[in-house]
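Please read the points below with the model open beside you.

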Number of protein chains: 2
Amino acid sequence: MRELSPEEIAAINERHRVRMERKKAIIDAKIKSADKKIGIIVVNTGNGKGKSSSGFGMVMRAMGNGMKVGVVQFIKGAIPTGDEKFLRRFPDEVSFHVMGEGYTWETQDRERDIEKAKLAWEKAREFLSDPTIGLVMFDELNIALQYKYLDVHAVIADLLDRPEMQHVVITGRGAPPELIAIADTVTDMTVVKHAYEAGIGAQLGIEW
Amino acid sequence: MRELSPEEIAAINERHRVRMERKKAIIDAKIKSADKKIGIIVVNTGNGKGKSSSGFGMVMRAMGNGMKVGVVQFIKGAIPTGDEKFLRRFPDEVSFHVMGEGYTWETQDRERDIEKAKLAWEKAREFLSDPTIGLVMFDELNIALQYKYLDVHAVIADLLDRPEMQHVVITGRGAPPELIAIADTVTDMTVVKHAYEAGIGAQLGIEW
């Protein structure tokens, strides 16, 4: 590849400047027009990695901004994860509630799972009626809805009844369409590739 | 809808038990066969929400497991985010380095951006040669690669040269194909819907 002349480099830099100026104008206008301030519902779904970890990243962000946080972890719970170990260090900032006894395919007992899910939703309702909590996270709630352990319409009614400025993040594959319909921001974490395929196991600090 | 008889409910519960038993066998076999333990490269890309927050969730998980973490934030940096404010509370656990002066469309000066990106990569190389660091996060690195502020082949050479057990998470839209090729786990955060569309603005605790 031949060397560029100083004039050519200057021209590239000028084109870049003009392009970025245009981009800045578009983004500034977007931010200005989107000015409603209100608690939103974020849903992270899909088969890829990052649904729960993104929710926990939002928990950290909220804590960094001085908000109180409530977390209910559905379905999971047999293994004390790094997330839980970490958040338990801040009992004044985060209320952490874990539903009992592991993934449903570890238990194979539907009636017990339903009972546990209902108890966990009672805790969820407490957070949803507390205006001092700025962010609520319902980790793996989508799984409980998918298996019909909880009624999606009852869950939605409670979500819509929450304090006006409270944010909610809900994770888990298979988010039901009724939930997507009432959510504000929905992301599908799509697998491009996964370390499993190369025979690399789940590891401390990555998967739990 | 008519009430189900006790026999019908028992039949549903038994089908569920058999299905979950089969699922458990499949998952146990998968976990058993994927037993290589080695540091992996995770890439979060796509236009949806959750790329950076998922990376920060992994940071939290690693901290919960007693790992040391290094973070370099590329491109961003003008606004002190909640993430940064939070992580600065743990100087013994997290080394946090932010590249100067905001998004590139705020600056419109390509040569200065290139210089800043190169300085930030020097910090990145320090983390990549420190075996006491269990997880390294390069936030928005993909943007710097996309704009060719950094050479993707030089970056890949440094990534592959890191300590064997060190994990890396790289975020930002537009991950280059060369990076995807050498990564272990790649997720595309796909927009299903975004609060912007409903005129809801970026908010404290959600977007920063």
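Predicted model: local features only at pLDDT ≥ 70, side-chain atom pairs only at ≥ 80, totals over all residues.

1. Between the chains, helix H2 (residues 51-64) of chain A and helix H2 (residues 51-64) of chain B have axes that come within 6 Å and cross at roughly 80 degrees. Because an angle of 65 to 115 degrees counts as roughly perpendicular, H2(A) is described as roughly perpendicular to H2(B). The contact draws on residues of both helices, including A:Phe56, A:Gly57 and A:Arg61 from H2(A) and B:Phe56, B:Gly57 and B:Arg61 from H2(B). Sorted by class, this contact has 6 nonpolar, 6 polar and 2 charged residues.

2. Within chain B, the axes of helix H5 (residues 110-128) and helix H7 (residues 152-160) come within 9 Å and cross at roughly 20 degrees, and the two helices are therefore roughly parallel to each other. The crossing in which H5(B) passes H7(B) is left-handed. Here B:Trp121, B:Arg125 and B:Leu128 of H5(B) meet B:Val155, B:Asp158 and B:Leu159 of H7(B), a contact with 4 nonpolar, no polar and 2 charged residues.

3. In chain A, which residues of helix H7 (residues 152-160) are buried? They are A:Val152, A:Val155, A:Ile156, A:Asp158 and A:Leu159, and, seen down the helix axis, they fall within an arc of 160 degrees, so they line one face of H7(A). An α-helix has 3.6 residues a turn, so residues three or four places apart point the same way. The face turned away from the buried side carries the exposed residues A:His153 and A:Leu160. Among the elements of chain A that cover the buried residues of H7(A) are helix H5 (110-128), strand E4 (133-139) and helix H8 (177-182).

Methods:
Residues numbered from 1 in each chain as written. Chains lettered and ligands numbered in written order. Heavy atoms only, no water. Axes fitted to C-alpha atoms, helices over the stretch in contact; angles between N-to-C directions. Helix = DSSP H or I, 4+ residues; strand = E, 2+ residues; numbered from the N terminus. Parallel < 35°, antiparallel > 145°, perpendicular 65-115°, else oblique. Left-handed = near helix turned anticlockwise from the far one by under 90°. Contact = heavy atoms within 4.5 Å. Nonpolar A, V, L, I, M, F, W, Y, C, P; charged D, E, K, R; others polar. Buried < 20%, exposed > 50% of the residue type's maximum accessible area, 1.4 Å probe, protein only. Arc of directions from axis to C-beta.
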